[in-house]
Amino acid sequence: MASLSEEVLLVVKRVRQRKQDGTLYLMAERIAWGPEGKDRFTVSHLYADIRCQKISPDGKAKIQLQLVLHTGESTTFHFSNESTALKDRDVAKELLQQLLPKFKKKANKELEEKNRMLQEDPVLFQLYKDLVVSQVISAEEFWANRLSLNSVEHSLSNNNKQEVGISAAFLADIRPQTDGCNGLRYNLTTDIIESIFRTYPTVKQKYAENVPHNMTEKEFWTRFFQSHYFHRDRINTGLQDIFSECAKEDEKGLKSMVTQGVKNPMVDLLSLEDKTLDEGYGTATVPTTSNSSNKSLRENSNSAIIKRFNHHSAMVLAAGLRKAEAPSDQASETSSTDGNSRDSDLFQPPLKKVKLQEAIEYDDLQGDSVRKTISLNLKKSDRYSHGPIPLQSQHYSTSQDIINSISIIQHEMRSYKPRLTQVMSSSAASSAITALSPGGVLMQGGGQQTINQLVPTDVQSELKHLYTAAGELLRHFWSCFPVSTPFLEEKLTGHLEEMLQAAYNKFQAWQTRRMMRKT
Amino acid sequence: MKLNIDGLLVYFPYDYIYPEQYSYMLELKRTLDAKGHGVLEMPSGTGKTISLLSLIVAYQKAYPLEVTKLVYCSRTVPEIEKVVEELRKLMDYYTKQTEAKNDFLALALSSRKNLCIHPEVSALRFGKEVDGKCHSLTASYIRAQHHSNPSQPVCQFYEEFDAVGRQVPIPPGIYNLDDLKDFGRRKGWCPYFLARYAILHANIVVYSYHYLLDPKIADLVSKELAKKSVVVFDEAHNIDNVCIDSMSVNITRRTLDRCQTNVETLQNTISRIKETDAAKLREEYSRLVEGLKEANVARETDMYLSNPVLPDEILQEAVPGSIRTAEHFVGFMKRFLEYLKARLRIHHVVQESAPQFLKDIYEKVCIDRKPLRFCAERLRSLLRTLEIADIADFSAITLISHFATLVSTYSKGFTIIIEPFEDRTPTIANPVLHFSCMDPSIAIKPVFGRFQSVIITSGTLSPLDIYPRILDFRPVTVASFTMTLARTCLCPLIVGRGNDQVAMTSKFETREDFAVIRNYGNLLLEMSAIVPDGIVAFFTSYIYMENIVASWYEQGILENIQRNKLIFIETQDAAETSMALEKYQEACENGRGAILLSVARGKVSEGIDFVHHYGRAVIMFGVPYVYTQSRILKARLEYLRDQFQIRENDFLTFDAMRHAAQCVGRAIRGKTDYGLMIFADKRYARADKRGKLPRWIQEHLTDGSLNLTIDETVQLGKHFLRQMAQPFRQEDQLGLSLLTLEQLQSEDMLQKIAQIAQQA
């Protein structure tokens with residue numbers, strides 16, 4: 001089955017497996033071993049199937065490498081080339097070490113996905129039990145069909161995966177611990193780093209600029225924590241500090257946010273007041289001109305904290321929203337109208353109107369308050385009301401026709417006059433009514449509805465399982481057509497037939513068992 | 001629905017009505033019938049505005065000769081716009097029901113900044129800049145110059161309006177600020193001047209307090225409003241402070257320096273004009289003898305709004321000879337300025353009354369009282385004569401002249417305090433002269449005197465009897481309405497202790513106490529874990545908030561809160577706070593939840609509503625007393641005690657409690673809304689504090705929730721929130737707190753309604 005196109009990454013000769021000498025091949029997607037002198041692999045594992053590798057400890061006589069599969073099986077290779085065994089093994093190990101993680105993720109994801117599907121869908125789970133566990137078809141075949149079915153939806157759901165927001169307290173999670181010898185230890189996880197980067201893009205930028213070239217990662221973070229940037233009063237950031245630039249950048253960002261102003265006119269404190277008193281009027285204490293100079297250092301640092309909290313919260317919020325903005329372009333029509341072009345006066349009124357209306361609304365005073373519904377936006381309403389219909393020269397009425405006919409009927413109804421001479425006799429009418437009422441002559445056909453009461457539930461469910469199992473097999477069967485590859489042909493003529501036979505047998509067995517029980 | 005309010009047919013644009021709205025309209029009708037003034041307190045979110053509008057519009061339609069105009073004053077621009085939108089709803093309903101064409105004209109008026117459509121002028125950011133620029137394009141002499149010299153820029157919108165706009169009346173309808181702008185753009189007319197002109201014949205005018213209370217603006221805008229108008233002050237719980245602010249002046253050394261340059265500029269301009277165009281100054285001189293007399297005639301006939309800066313009586317005389325010529329006046333101003341400079345060169349605090357000040361100025365620099373009184377008017381005339389385009393540059397000298405006129409006009413109700421430095425920084429010299437009004441009734445007196453009905457209304461006016469006293473008027477109706485509720489959607493709790501039993505209070509002696517700060521922090525932390533969406537917390541002052549935030553940061557409390565919610569904090573910068581506020585709402589909107597730390601008496605507490613999920617809990621940390629060490633406040637308290645027999649403590653508590661009520665009331669904006677109100681100070685439990693809360697909050701304050709620990713608060717809060725989160729439908733309310741027309745007419749209900757209004 002080895003396709004020749006596979007890239008061989010490493011070949012190690014004189015590797016024993018089950019006391020047989022052979023050659024170990026490490027290829028792009030799998031690891032394989034073939035006995036000496038034969039061109040067939042007797043052992044072949046996809047990397048995705050391998051859970052881990054184990055090696056014999058140094059100094060042991062036998063130099064071995066063991067592969068443990070997800071299924072629990074394991075394969076052991078014994079490197080028997082006396083002179084280079086250890087080196088061979090290490091090379092293979094190194095390579096595997098690099099390769100395995102790449103596939104691991106995929107494998108795990110697949111496994112998880114399968115697991116999830118089985119857990120979420122009891123019918124599927126039953127089917128799995130019926131078909132795979134009872135070995136009608138193999139697990140691989142079962143999934144081969146399934147996963148491809150779901151792949152489209154799967155990839156979709158992957159793209160739309162909900163972006164997880166950032167905890168506002170992520171910096172608080174990095175509790176410094178004293179390490180006993182006059183130092184502090186900060187525990188950073190990838191999550192926290194990710195959070196820092198997402199919230200403070202300037203730090204990320206610094207990281208990208210500096211990390212591999214100028215300093216190690218560890219050094220970078222050490223400096224980060226030493227920096228005043230991290231500490232509360234960012235007033236005295238030294239010039240040599242690489243983060244002083246970040247602080248400045250942040251300051252700038254905050255300023256620009258402030259000057260941009262707010263979109264919602266209801267919270268704009270600047271334009272709240274209609275006529276502010278001129279400078280010099282009023283009893284409020286006059287804002288002192290030399291404000292910053294006569295503020296104490298402590299007050300300055302206090303207001304720096306407040307500024308920082310506002311900034312931090314805004315950044316955390318923005319980091320959470322950044323991703324979400326893209327797909328919601330039409331979902332929030334109001335937010336798109338207020339857009340960025342708020343300078344032009346033309347765009348402001350709609351949002352303002354909406355906000356004003358919201359503010360004066362009393363939904364409980366309003367009569368039958370109209371539920372806010374999402375209006376269905378149809379390009380072609382005919383299509384919606386008639387559903388997809390095979391293209392035949394079939395005449396169907398357009399909605400205009402329907403409306404017309406309704407109006408005609410309405411019109412007729414309006415001008416309808418009962419012709420009292422031609423009505424049925426009362427006896428005939430009453431007999432017709434009795435015949436149509438439950439228990440009447442014409443209402444006898446209600447027998448079949450009781451069938452689900454006649455058959456006990458366990459029998460029903462067994463039958464259901466058999467039915468779905470057979471259906472699944474038929475699906476496999478039909479999916480083989482058109483028979484385009486020899487593989488499919490083999491599947492069709494070979495084991496699929498067997499499978500169907502097996503299923504049929506199963507059904508037969510069930511039937512006879514039921515019959516037996518009945519008689 | 002159509003209602004019968006005491007014999008008056010009222011169109012109400014909803015299918016249902018709250019019982020308290022009906023009761024409110026009844027009281028209002030009585031006030032209008034009696035042609036008197038009223039004080040009405042009704043909780044926010046019970047449809048106060050629409051009730052007011054419905055009734056007064058109906059009254060106007062029924063008795064067009066009795067009430068000709070409604071002047072609706074509100075506080076902020078969004079509030080004004082909301083009122084106009086509600087009015088639009090009402091008018092739509094009228095046209096739908098009566099099928100008659102609407103002949104009502106209603107409009108909003110705001111400052112030039114909100115109404116200007118001139119492409120260059122409206123691009124300016126600050127109101128003052130817009131005003132100045134507008135003036136430099138529309139002043140009468142600029143336009144005269146434009147006639148002879150077409151290259152002189154003018155505002156084409158104003159020109160257009162002046163040419164055509166006055167002849168053609170604005171068609172009936174409802175004009176909000178944006179509608180006025182649209183209309184102006186369509187016609188090419190200036191919306192601001194159009195609106196100012198149109199308020200004279202409009203049926204309803206909606207604008208800000210200042211247009212009626214601030215004499216400097218009222219004189220320009222509102223002086224021709226008819227006597228038979230009904231004036232409504234909505235959100236009037238702070239009206240006394242607005243009155244006081246509009247009459248008070250502060251002078252710093254910087255003001256004086258700028259005034260000095262103003263005087264120099266004036267002097268240079270005068271000497272220049274004298275060389276080129278001496279006739280102009282002569283003309284002014286003769287106009288001063290005659291011109292003011294003409295104005296005097298006009299005032300007598302029309303009963304104009306009197307201008308406190310320049311009251312009626314002194315207009316009987318012409319400007320005194322000593323300041324009639326331009327040079328003499330400038331020389332006079334110089335002398336006055338030097339005197340003020342000398343007064344600011346002191347090392348100890350001086351407090352004196354206006355007569356004392358006048359006596360001193362007479363002794364020192366021989367300035368008489370009479371020319372001082374004419375200062376403002378004389379300066380206005382001079383600026384006009386000298387054709388000074390940018391009035392904004394002369395704000396310093398205008399301020400000084402206003403001070404001169406005020407100090408020489410009023411001998412009572414004002415005080416002068418000169419402080420050489422701020423209390424907090426005794427080493428830095430920063431002398432300030434406060435000329436402070438202590439009597440709010442001075443500014444509002446002309447309003448009460450002139451209009452037949454003035455209604456003062458708000459969600460928080462308790463205790464009701466204090467407003468008539470401090471504003472010095474006699475109302476015919478004083479009533480407080482409760483909120484009828486189908487479920488108790490507000491939950492006031494007083495937290496007095498931490499879990500460690502340490503008393504929680506912002507009392508001055510203990511506010512810096514470590515345990516108090518920690519307990520406050522724990523309260524917020526615990527609440528952040530149980531309250532969904534938004535929490536708003538108010539502190540008593542900005543400095544206190546800064547300190548607490550800093551120590552919470554050090555104790556790691558904020559970090560723990562951040563695990564639950566995002567934190568936003570009000571700052572002293574309005575733009576920054578707006579941004580924080582918007583982000584806060586965003587965070588509430590997307591489900592993250594957030595906490596807003598804010599300050600009582602700050603901008604947020606006064607103007608921003610936290611409806612529904614924007615505020616599920618309000619925490620009031622401490623009792624928001626005003627800074628009691630301020631000399632201005634002390635002087636005012638003394639004055640209140642002497643003049644109105646209001647005890648200092650009573651007033652301070654009243655002031656603190658109305659701000660606390662405002663803060664906690666921000667979260668409940670209607671009957672479908674719900675929220676926790678947490679008063680975190682044991683002093684709230686005392687009867688004198690509790691009794692000053694509005695009735696609709698007091699009612700729900702049970703004896704069991706007067707002195708809770710944090711844990712108990714959390715338990716009660718959890719229970720309350722869980723109950724409130726259940727679906728709440730209209731049917732649940734119907735018949736209890738929401739009535740159909742039939743239910744309203746039943747005898748039973750009418751009796752119940754009669755109990756809603758509590759007469760004070």
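Biologist: What distance separates the centres of domain 1 of chain B and domain 3 of chain B?

Modeller: This is a predicted model, and the domain assignment of chain B gives domain 1 as the segments 1-104, 203-236, 452-487 and 733-759, with domain 3 covering 490-727. Taken over C-alpha atoms, the centres of domain 1 of chain B and domain 3 of chain B are separated by 30 Å.

Biologist: How many residues of domain 1 of chain B are in contact with domain 3 of chain B, and what area do the two bury between them?

Modeller: On the side of domain 1 of chain B there are 33 residues in contact with 29 residues of domain 3 of chain B. Of the area that these two domains bury between them, 53% lies on carbon and sulfur atoms, and the whole comes to about 2,500 Å².

Biologist: Which residue meets B:Arg75 in a salt bridge?

Modeller: Across the interface of domain 1 of chain B and domain 3 of chain B, the rule finds three salt bridges. The side chain of B:Arg75 takes part in a salt bridge at 2.5 Å, N to O, and its partner is B:Glu606.

Biologist: Which element gives the most residues to the side of domain 1 of chain B that touches domain 3 of chain B?

Modeller: Between these two domains of chain B, eleven residue pairs are in polar contact. The elements giving two or more residues to this side of domain 1 include helix H1 (19-33), strand S14 (475-481) and helix H34 (747-756) of chain B. The element that gives the most, with four residues, is H21(B).

How values were computed:
Residues numbered from 1 in each chain as written. Chains lettered and ligands numbered in written order. Predicted model: local features only at pLDDT ≥ 70, side-chain atom pairs only at ≥ 80, totals over all residues. Heavy atoms only, no water. Domains from an automatic or database assignment. Contact = heavy atoms within 4.5 Å. Buried area = accessible area lost by both parts, 1.4 Å probe. Salt bridge = Lys/Arg side-chain N within 4 Å of Asp/Glu carboxyl O. Polar contact = N/O pair within 3.5 Å; in protein donor to acceptor, adjacent residues only side chain to side chain.
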